[in-house]
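Welcome, and thanks for taking a look at this one. Below is a short tour, grouped by topic, to read alongside the structure.

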Amino acid sequence: MAVDRSLWVHVVVLLGVAAVAATAHAEPATARQQELVNMVRQDCGSCHGLTLQGGLGPALLPAVLKDKPAESLVATVMMGRPGTAMPGWAPFMSEQEAEWIVARLMQGFPPVAQQLESSK
Amino acid sequence: MMGRMLGAGVLSLGLLAGCAQTPALRGTGDMGVVIERATGAVQVVEHSGRTSLGSVPGLGDLSHAHVTYSRDARYAFVFGRDGGLTKVDLLTQRIVKRVIQAGNSIGGSVSQDGRLVVAQNYQPGGIKAFDAETLELVSEVPAEYAPGQFSKVVGLADVPGQKFVYALFEAGEIWVTDFTDPRQPKTTRYPAGKQPYDGLVTPDGRYFMAGLFGEDGIALLDLWHPEKGVRKILDGYGRGEEKLPVYKMPHLRGWAMAGGFAFLPAIGRHEVLVVDTRTWTEAARVAVKGQPVFVMARPDGRQVWVNFAFPDNGWVQVIDTPTREVVKTLAPGKAVLHMEFTPRGDEVWVSARDDNKVTVFDTASFEVRQTLPATAPSGIFFSHRAARIGF
């Protein structure tokens, strides 16, 4: 019984560490977040549109992405999609950053800082 | 007497109102617009004194925008990503008319006779012709290349004979539509190649070229002899070499024909291709700093200016056309999106999106003549486009 309790404590602690690590990975620093938001809006936006409603590339809105597995979207961001115009963005971001971008895309992507200012 | 006084009063009121609303007489030949991408506005500018004259907001989503001009060069037709088509009066800096004509649009062009404005659309795929005066829909040509299948339209260009030429991304075709009878356009289709991403017409309106993303090569249609069909030129220009990932599609609009040679962006490589236009074969390649987006000849053809895709989009390079060497490398700011020459090429205006500025360079000395503030500027379009085929 005592053994069981200490095992549970270990598990809980480990889970806690994992959660902290995951948050640390999933949340790039604020300045970097702004860079990533700008990159998605402007550079991904040259094919997918600044508003992400699509252009030569498909729309990246929550409604379009909702049935797609996040892991495969992350793989597409990092490695591109052969046979299409989608390039891999691995030279410009880490896998954790791609995960952060995909998670934000699936929620509805934040606007760039400049747009926020101008809408004030 | 009373009536006469009243009449005089009304007349002077009218004159006063006239004074308040009508700016001093001026021509539009040195005017233009700068797109402010993030805020959906255009700045009206003039390039004789290099100044901004005012701003016109309310143009919708201009994240990808194109501007073409009325035949009299007074009105700018602004095409927005959201399908908005807006007619802006350069002189009063007001919106004359605005329609939402599609769900997703990338540009348009004015007919040879100046009576039609034709929009090219991604969604719904096809082209639509509007009365240039009223913006009423005249006719449309859906890009239905197979039953129920519609293609995105790219590279639309006006050409002589009331015709428009354009390419279909998914269909891999070039279509030529004749609007001689504006309500009943006639379309001829030509197979072109895999995934045409943009097109351009030579300044004389004779040759239409579509750049292909899905294969190494360029589709060429001679509009003097369309019956001969599309010819593939520069076939396999990257043979045996792996293409680099493309972070931004090149734009072919803004032709670069100089001294009998065409200068074109190589897709997926850090090169500008030089093509001999007598034989349509490769004459040379010029190594440049990144993947070219716009490759534009100064109007006299002596220089070609090049900007680049992410992540090299802070640079502009200048190629001397006789020696085919890069003679100048400039850093006009963060995210250089577009360049526009003055009509005779003494100066060039360059937009830097992330530095919120437009820089005016002297093209002979490369000195900065002026910098103008602008909010996330992208395209710069001067009114002399009104008089040119394929703009």
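In this predicted model, Arg298(B) and Asp300(B) are joined by a salt bridge whose closest N and O atoms are 2.8 Å apart. Arg298(B) counts as buried because its relative accessible area is 11%, under the 20% limit. Asp300(B), in turn, is partly exposed at 48%.

**Salt bridges**

- Over all chains, a search of the whole structure finds 19 salt bridges.
- One of them links Asp276(B) to Arg278(B), with 2.9 Å between the closest N and O atoms. Asp276(B) is buried at 10% relative accessibility, whereas Arg278(B) is exposed, with a relative accessible area of 71%.
- The side chains of Arg353(B) and Asp354(B) also meet in a salt bridge, at 2.8 Å from N to O. Here Arg353(B) is buried, with a relative accessible area of 3%, while Asp354(B) is partly exposed at 26% relative accessibility.
- In chain A, Arg32(A), Glu35(A) and Glu97(A) belong to one network, held together by salt bridges that share partners.

**Chain A**

- Chain A has six helices and zero strands, so its elements read α-α-α-α-α-α from the N terminus on.
- Of its 120 residues, 37% are buried.
- Chain A exposes about 7000 Å², and 66% of that comes from carbon and sulfur atoms.
- Among contacts in chain A with a separation of 6 or more, 53% are between residues 24 or more positions apart.

- Glu97(A) sits in helix α5 of chain A, which covers residues 95-107.
- Is Glu97(A) buried or exposed? Glu97(A) is buried, because its relative accessible area is 14% and the limit for buried is under 20%.
- Beyond its neighbours within four places in sequence, Glu97(A) is in contact with Pro28(A), Arg32(A), Leu36(A) and Phe92(A).

**Chain B**

- Chain B contains one helix and 34 strands.
- Buried residues account for 59% of the 391 residues in chain B.
- The accessible surface of chain B is about 15600 Å², with 53% belonging to carbon and sulfur atoms.
- For contacts in chain B between residues at least 6 apart in sequence, 44% join residues at least 24 apart.

**Two loop residues in chain B**

- Ser111(B) is found in the loop between β8 (104-110) and β9 (116-123) of chain B. Ser111(B) is buried, at 4% relative accessibility.
- Which side chain does Ser111(B) meet in a polar contact of 2.7 Å? The partner is the side chain of Asp113(B). A polar atom of the Ser111(B) side chain also lies 3.4 Å from the backbone nitrogen of Arg115(B).
- Leaving aside neighbours within four places in sequence, Ser111(B) touches Leu116(B), Gln162(B) and Phe164(B).
- Ala171(B) belongs to the loop between β15 (163-168) and β16 (173-178) of chain B. Ala171(B) is buried too, because its relative accessible area of 18% is under 20%.
- Not counting residues up to four places away in sequence, Ala171(B) touches Tyr145(B) and Ser151(B).
- Ala171(B) and Gln195(B) are 24 residues apart in sequence, and their C-alpha atoms are 7.5 Å apart in space.

**Where the chains meet**

- At the interface, 27 residues of chain B are in contact with 25 residues of chain A.
- About 2000 Å² is buried between chain B and chain A, and carbon and sulfur atoms give 56% of this area.
- Which residues of chain B lose the most area to chain A? They are Arg37(B), Tyr247(B) and Phe310(B), which together give 28% of what that side buries.
- By class, the side of chain B that touches chain A has 13 nonpolar, seven polar and seven charged residues.
- How many salt bridges does the rule find across the interface of chain B and chain A? The rule finds zero salt bridges there, but five residue pairs in polar contact, both residues at pLDDT 80 or more.

Technical notes: Residues numbered from 1 in each chain as written. Chains lettered and ligands numbered in written order. Predicted model: local features only at pLDDT ≥ 70, side-chain atom pairs only at ≥ 80, totals over all residues. Heavy atoms only, no water. Contact = heavy atoms within 4.5 Å. Buried area = accessible area lost by both parts, 1.4 Å probe. Salt bridge = Lys/Arg side-chain N within 4 Å of Asp/Glu carboxyl O. Polar contact = N/O pair within 3.5 Å; in protein donor to acceptor, adjacent residues only side chain to side chain. Nonpolar A, V, L, I, M, F, W, Y, C, P; charged D, E, K, R; others polar. Helix = DSSP H or I, 4+ residues; strand = E, 2+ residues; numbered from the N terminus. Buried < 20%, exposed > 50% of the residue type's maximum accessible area, 1.4 Å probe, protein only. Areas by Shrake-Rupley, 256 points an atom, 1.4 Å probe, with all protein chains shown as cover.
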